[in-house]
Amino acid sequence: MPTIYIDNQPYTVAPGLNLLQACLELGFDLPYFCWHPALGSVGACRQCAVKRFKDEKDTRGELVMACLTPADQGTRIAIDDPEAVQFRASIIEWLMLNHPHDCPVCDEGGECHLQDMTVMSGHNYRRNRFPKRTHRNQDLGPFINHEMNRCIQCYRCVRFYHDYAGGTDLNVFACHDRLYFGRFEDGALESEFSGNLVEICPTGVYTDRPFKRNHTRKWDLQTAPSICPHCSLGCNTILGERYGELRRVRNRYHHQINGYFLCDRGRYGYDYVNSERRIRQPLHFQRGQAPAVPLTVEAALSKWTAMAAKGKVIGIGSPRASSETNFALRALVGPDNFYAGVSADDQRGLEIVRAILADGSVPATTLQGAGLSDAALVLGEDVTQSAPLLALNLRRMRFRKAAVMAAGFQLPAWNDSGVRELAQLNLPNLFIAATHATRLDDEAWRTLQASPQELVRFGSAVLAALEATAPPAEDVDAVTAMAWETAQALLKAQRPLVATGFSLCEPGLLQAAAAIAAHLKAKGRDAQLFFCLPEANSMGLALMQPHSLEKALAAVAQGTAETVIILENDLFRRAQPATVEALLAKARQVVALDHLTTATTVKADLVFPAAPLAEAAGTLVNNEGRAQRAYAVMPPSGTARASWRWLQAMAQAMDRKGLENWKSIDDVAVDLAKALPVFKPITELSPTVSVPTLDGKLPRQSHRYSGRTAMRAHLSVHEPKPPADPDAPLAYSMEGFDGPQPPALTMREWAPGWNSEQALHKFQGEISGPLQNADSGRRLITPAASAGPAPISSAAPVKSLADAEFQVVPMTIIFGSEELSIVAPAVAQRAPGPHVGLGPDNGFAVEGQAVWLRIGDLLTEQIVRIVPGLAPGLLAWPVGLPGMPTITLPAVAKVEQ
Amino acid sequence: MLSPTEKEEIVAAMAHYDLKKAAGIDALRIVQRHRGWVSDDTLRDVAAALAMDPAELDSVATFYNLIFRQPVGRHVILICDSVSCWVMGYENLLEHLQRRLGIGMGQTTRDGRFTLLPHVCLGACDKAPAMMIDDELYGCLDAEKIDAILESYK
Amino acid sequence: MQRPLTQNIRPNQPPLSLAEYEKAGGYQALRKVLSSMTPQQVTTAVLEANLRGRGGAGFPTGRKWSFVPMGDDAPRLKYLVINADEMEPATFKDRVLLEGDPHQLIEGIIIGAYAIQAPVAYIFLRTTYTEAFRRIDKAIAEAQAQGYLGHNILGSPFSVELHLHASAGRYICGEETALLNALEGKRANPRAKPPFPPVIGLWGKPTVANNVETICNVPHIINHGAAWFRGLSRVADGGTKIYGVSGKVKRPGAWELPLGVTIRELLEEHAGGLRPGLALRAILPGGASTDLLTADHLDVVMDFNGVAAAGSRLGTGTMVVVDDKTCIVGLVANLMRFFAQESCGWCTPCREGLPWLAKILTAIEQGQGAPEDIAILKEHTRLLGPGRTYCALAPGAMEPLQSALKYFEEDFQRHIREKRCPWRS
Ligand SMILES: Cc1cc2nc3c(=O)[nH]c(=O)nc-3n(C[C@H](O)[C@H](O)[C@H](O)COP(=O)(O)O)c2cc1C
Ligand code: SF4
Ligand code: FES
């Protein structure tokens, strides 16, 4: 551990840091712009200058950029040296020559890194008397607002968007003091990670566009820590509320999961909470007749009592509802009557993944861990669409490979420009096999596009090649050839990764991935697995091992169940319309709980308004099996409440015992852990357990929160008592626990002098390490190695295709396939309309052409979009896209003339 | 659409580098030689030929002085505005040129014959003041000489 | 007096063809190298010749070559890049060699590539040297046809490809790391050092960048030996130098002279002194980014150490003579507009500071200066000094400014006081 001297005081620092990191970790305030913990150093802004001395006798010293200078043993620097101080102030003076000084009307104001650094640097007097240059702004689409005049040319946007996230349509133009950061022409930013520009940009060039409609200063937002509900990765988020409206989502740093970044679906999908489709009070439908009749809570519950008296009740759970809520339903109807709310294929896939992760030998890696792989196989999954942050992390592989090479030249990994020089010609050992060309293919060493059946065959071939002693003959087919190459790369790696999922509904892919990883593990490699699951709590639901949806259908069809409770689930997304219609028609009584009006809720007899995650705490289990708790940012709207509370009330109404003692979500968690021991660790999520120092609640409102009385003055001048929230260690108040926010509860990165998200380092023990050196969330499953890998079930064969016939394969689309985010107008704007995908040389249709398709009984007219690289003979069916009916696989589509 | 000749020349330029993209500057210069300037559409076509995003290529194109992203006249006059020519009185010459052509710096004559652009030192300091028209360098300029030179460009 | 670099150059005539060049003893050095010298011996010869880089910084060429990893473990791909950007205002010396004797350049390149065992070499030529482009292009074709370039040169195991790249124009491309980016088809921002190009250069591979004049010396060192080369010079550093003089002198031009002539010799003997009626006010000794000298410095020796001792830099060795009818403020304003315009825009001080200075200087020249401007100018000469910016462009820009303020502050004050330029009628 090197010792460095700052202003003649010795400090021990971690090895391999640069001086800027070292100073920040030691708690010194040193301003910077172009450095970013995830992007490394390039030395462009010159803001981080310090004085360095050769030795004790050197009194003159020289200015160096802290971010580009290693914090080596014996380094002597002065931060407060007058020359360094003056130079740092000059940087701001220069940046301000053209900056519009429009903080009062700028969305970034109050959480602006440039404001912070200006104050920190001490520049305050303007000497420039010449006119400022101005720029024209661009329309960058629904997510990002552009205001180029505020730019301070730190290059962070391009370095993130282009170099880090692999986006190609944002860049820097022109030269000298006329630099322009933007697109070639107006138009929506194409990268799935564009929203991070809001946080990457140190000033107000890129701001959150949906937030702009109802902009609220940072300190006026009520905030809470949450978990993204839009996919299975469990990225941590911070929600911001004002006037009962969820106004924005920001990244909440988690060192093992999302790190510093979110995808655009996670950032902009929140608007479903504010949607007109929200259900805010109980509703009663006359069978088949709209409109619904609103009910009071009492009336609804008494209606329920009457319904429950009539025969057997079964419950259908949900992969997007919290674990507590699913458990409450299970407790209400009894384990035997608790059914998974997912299709049979999904159910089977989930069970396979659960078994692999619980009983196999290879652990599920974290998102950050995936990026540390030195070889990876992505099998049958377009991860940019189904698990966006995985794609972002796999993009790190190339950089890591170069960083290893750089170490050979004594070049530290934080030297971004140097490492990138090495990275540009060095693709990593990333192998991608999918039905079509994916957005990550530009990072891949080799890719393969094939049908699901062929992909399973490819998986088996990789497995076989791991054992093979001789390379295949020259003339083998592409699948075998690539399998050999893939296997060799995986074998050569120290930390090989196999990532897959079941977007294609192909259990064989899951088994092949598990078998390959297990094989590598057995050979002594630090093998890792990564499964992309369909929804935010798919794993939580799987761990409850419910019966399949098909069994529920059967129970209703056979008349053994009179009443069906459908929990936060639109069954029309799970099975073909006719099947669901039949179930709903056959069931005597249907009760639905949900946040939004869906095709299912309008067919129910009784609907309870379920509070979404923004309004009710809940625990989600992500794809690696990590349980994390999300907290409400605002009280439920109308008479909505957490579904488990409705279920508790329903139990009471029908005199069912076992749920009556639940006062808070922690009580539910305790019972859940009792009933299903695999959930034991979630009882540790309770802040009273995980944060022993926490005596009292943390305020959701900042110490500068304004207008508490005024914002309600048109209703009453009396300030009401803040609502209680027994489910969170958080208060709807400005008052409360004044200590540090525990890692799982970080909801405002804010420290003296640091008002922007760059304050984060004040919450980390080391830069990019865990928050306060503590992990958050709890892993529920770790491999027991009790079972060897299951055999790879061969893929469901397709009947041989006749002329004009295509095999239908599901295709996941980041903006469109997910149920809740597509309700957000900004996301909907980025979603494609209903369509089917065909390969470039399909012989039937060109981009934009309408075709009639017959799929089983279904005859439908669809617009064709050309999907690059889609394997011949396949027709891609965008799953979940509004306007696209759910179809059951396997299926064949025939183009009708 | 790139012409077959342009395409051929671009492919030939690629052979000089380890990465396709590296030929971007050569490719821009090639199309500019054929078309005088690089329009947005042309830039898109060149980018496609190099498998680049237009933004990435335009980022490069707009960095350099001599990739013209706006239409220019049939002949481009680069007048040296650097120190030796300045000492030798280029400012008077510039005034003369502008009066003669009836245009300011950066503009194109109405008949589309000339575009007048400033340029850094042409490396003809011993023959200052100097200018370049298209590929030809002219030194030791004075007003009369300029008039005669302009006459030779139609 | 020996003029090895320009011996084959005949004024106003095309350069020697390959056959003519061979007849004049050309490619003998290459033959000698390939037949009887190891790469290490070539580097040693250049090292012993005390050849310092002619691109401006004066770094010893042999030492630069010796940083390149050699041997079996070294990367197979390495590059030699010849810097023929020459966009520094007042500099026109490389043009003489590029247009005058392309085969000398090519021979030097092949030998240099051999010394560092680079299979690929580039000439990075500025666009506007169109004549040079045509001539070099032709010479490369000739050399290729004759087997001096390409596979197994002259039957030896050594091969080298030589590519001629014409830049799209930017002064910063001359900075060697920016040049590498430009060659990679990127924006020509300089790169951070470390890593240094001999270790991680073009496309991440070891790369040496040498100036045209530097590399043209190499065949002569090989032919005649290090001692001979050192003997060409009047000072410790070896060789001749192409000096140039522009401005209001009787005979502006460029001449190959022993390294170490004095300013007086250059000005009076070779350039013929100032034009009638003019007196010497200042000298910009080695291009736009060197400190001004005055009439008091006429006896300064024009070599790396001599000019440095006088408080300036040899730079490119091509000087501008400033007469007493020329406004120093206007001159510095012109230079500053150049530097501001040619900043690559990467680092803050240069990108923002230079345009501000250019505006202030232009305002002063036009009689719109403010008294506090002088303080801002002075402050910037420190703030944009070496080590503060990412590359040497901005510090270079400060050199004429700081020396102008040192020797001619009164000129600035007069502009501000009189609210006009006293040198304009
Ligand atoms: C802004 C700037 C411009 C430069 N322009 C040139 C140039 O046009 N030609 C050149 O040979 N060196 C130029 N240099 C110097 C190069 O960076 C480099 O030192 C030189 O090419 C090395 O060659 P040498 O060792 O043979 O001198 C420039 C440096 C800077 C900072
Ligand atoms: S000093 Fe900075 S901005 Fe100027 S040219 Fe060098 S890197 Fe670019
Ligand atoms: S943060 Fe160090 S130079 Fe920008």
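Biologist: How much area do chain A and chain C bury between them, and what percentage of it is on carbon and sulfur atoms?

Modeller: This is a predicted model, in which local features need pLDDT of at least 70, side-chain atom pairs count only at pLDDT 80 or more, and totals for chains, interfaces and linings use all residues. Residues are numbered from 1 along each chain as its sequence is written, chains are lettered from A and ligands numbered from 1 in the order in which they are written, and side-chain values use heavy atoms, with hydrogens and water left out.

Chain A and chain C bury about 3,600 Å² between them, and 56% of this is on carbon and sulfur atoms. Buried area here is the accessible area (1.4 Å probe) that two parts lose on being put together, summed over both. A:Trp94, A:His176 and A:Glu421 supply 19% of the area that chain A buries against chain C, more than any other three residues. In contact (heavy atoms within 4.5 Å) are 42 residues of chain A and 45 residues of chain C.

The two chains share 5 salt bridges, a salt bridge being a side-chain nitrogen of Lys or Arg within 4 Å of a carboxyl oxygen of Asp or Glu. One of them joins C:Arg388 to A:Glu83, with the closest N and O atoms 2.5 Å apart. There are also 20 residue pairs in polar contact between chain A and chain C, both residues at pLDDT 80 or more. A polar contact is a pair of N or O atoms within 3.5 Å; within protein, one must be able to donate a hydrogen and the other to accept it, and residues adjacent in sequence count only if both atoms are side-chain atoms.

On the side of chain A that touches chain C, two or more residues come from each of strand S4 (62-65), helix H2 (82-96), strand S7 (171-173) and helix H15 (416-423) of chain A. These elements are DSSP runs, numbered from the N terminus: helices are H or I of at least four residues, strands E of at least two. H2(A) gives the most, with 8 residues. By type, this side of chain A divides into 24 nonpolar, 11 polar and 7 charged residues; Ala, Val, Leu, Ile, Met, Phe, Trp, Tyr, Cys and Pro count as nonpolar, Asp, Glu, Lys and Arg as charged, and the others, Gly among them, as polar.

Chain C also meets chain B. That pair buries about 3,700 Å², 58% of it on carbon and sulfur atoms, and the contact takes 57 residues from chain C and 39 residues from chain B. The count here is 1 salt bridge, between the side chains of B:Glu91 and C:Arg424 at 3.8 Å, N to O. Residue pairs in polar contact number 19. Among the elements of chain C that each supply at least two residues to the side touching chain B are H7, helix H8 (176-183) and helix H14 (328-342). H14(C) gives the most, with 7 residues. This side of chain C holds 26 nonpolar, 16 polar and 15 charged residues.

H7(C) covers residues 130-145. Its buried residues (under 20% relative accessible area, 1.4 Å probe, protein chains only) are C:Thr130, C:Ala132, C:Ile136, C:Ala139, C:Ile140 and C:Ala143. What covers them includes strand S3 (131-133) of chain B as well as helix H1 (18-23) and helix H5 (93-100) of chain C. Just after H7(C), C:Gly147 takes a positive phi of about 85 degrees.

Notes. Expected span 1.5 Å × (residues − 1). Buried < 20%, exposed > 50% of the residue type's maximum accessible area, 1.4 Å probe, protein only.
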